[in-house]
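Hello,

Here is the structure I promised to hand over. Please have a look at it before you read my notes.

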Amino acid sequence: MSFLKSVFSNYRTIGAISPSSPFLYKQMISPMDLSYDIHIVEFGAGSGTFTDALLKKITLGSSLSIFEIDPLFIKKLQLKYKGDNRVVVYSLGAEESTKFFEPESIDYIISSLPFGFMNSALVFHILESAKHILKKQGKFIQFQYFLQNKKHIHQIFPKVRYRFTLLNLPPAFIYICKK
Ligand SMILES: C[S@@+](CC[C@H](N)C(=O)[O-])C[C@H]1O[C@@H](n2cnc3c(N)ncnc32)[C@H](O)[C@@H]1O
């Protein structure tokens with residue numbers, strides 16, 4: 001319900017009509033090795049669909065740092081993960097993430113940001129920030145309903161693999177990006 005409330009008040013920053021399906025989050029998470037202690041950053045957690053799935057899989061020594069700007073979602077995320085000391089919720093845009101982490105310190109970034117609704121300068125800023133904080137072997141994993149930002153993503157990340165799932169509303173492409 002809180003997802004719909006946020007969608008109605010701010011469709012362009014949410015950029016989706018429903019939370020992601022289990023098929024989509026499985027595809028987003030499967031490129032990660034979650035068997036040891038790692039640090040993951042999530043951009044645009046929404047109501048926490050990917051966050052919940054990740055928290056079931058990551059080790060107790062891992063960390064999950066979330067960047068979210070929608071006030072309703074921030075409140076929900078803060079409440080939901082209050083007792084889990086692996087989670088830190090930053091009520092800030094993904095573009096601020098470089099202020100909080102050392103360069104090349106993050107293992108994976110998982111992102112649901114609605115790049116298709118953002119201006120190119122902001123998309124580039126966020127992609128550059130992601131590249132800056134990611135480890136050399138780290139992965140930036142993003143989904144999109146159309147491949148409108150393919151060119152932007154290739155300009156920042158030279159190695160990109162694609163996946164696609166029909167089993168989401170709407171169907172989605174997944175970019176798995178490396179430096
Ligand atoms: C498609 S929704 C994500 C939903 C959720 N991850 C899921 O898959 O069900 C995109 C989210 O990105 C957030 N968002 C938009 N611009 C942002 C930014 N610059 N930084 C962080 N979050 C942002 C929106 O508030 C929204 O919650």
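This is a predicted model: local features need pLDDT of at least 70, side-chain atom pairs count only at pLDDT 80 or more; totals for chains, interfaces and linings use all residues.

**The chain as a whole.** The protein chain contains seven helices and seven strands. Their order along the sequence is α-α-α-β-α-β-α-β-β-α-β-α-β-β. The C-alpha trace spans about 40 × 35 × 30 Å along its principal axes. How does the radius of gyration fit a compact globule? For 179 residues such a globule would have a value near 16 Å, and the protein chain has 15 Å, which agrees. Of those 179 residues, 38% count as buried.

**Helix H4.** This helix covers residues 49–57. Which of its residues are buried? They are Phe50, Thr51 and Leu54. These residues sit on the same side of H4, because the arc they cover around the axis is only 100 degrees.

**The ligand.** There are 23 residues around the ligand. Those that come nearest are Ala16, Ser20, Gly44, Gly46 and Asp70. Helix H2 (11–14) and H4 are the elements that each give two or more residues to this shell. By type, the shell has 12 nonpolar residues, eight polar and three charged.

Best wishes

Methods
Residues are numbered from 1 along each chain as its sequence is written. A residue is buried if 20 or more other C-beta atoms lie within 10 Å of its own, exposed if 12 or fewer, and partly exposed in between; C-beta atoms are placed from the backbone. Helices (H or I, at least four residues) and strands (E, at least two) are DSSP runs, numbered from the N terminus. The arc is that of the directions from the helix axis to the C-beta atoms. A residue is near a molecule or strand if its C-beta atom, placed from the backbone, lies within 6 Å of it. Ala, Val, Leu, Ile, Met, Phe, Trp, Tyr, Cys and Pro count as nonpolar, Asp, Glu, Lys and Arg as charged, and the others, Gly among them, as polar. The radius of gyration is taken over C-alpha atoms; the globule rule is 2.2 Å times the number of residues to the power 0.38.
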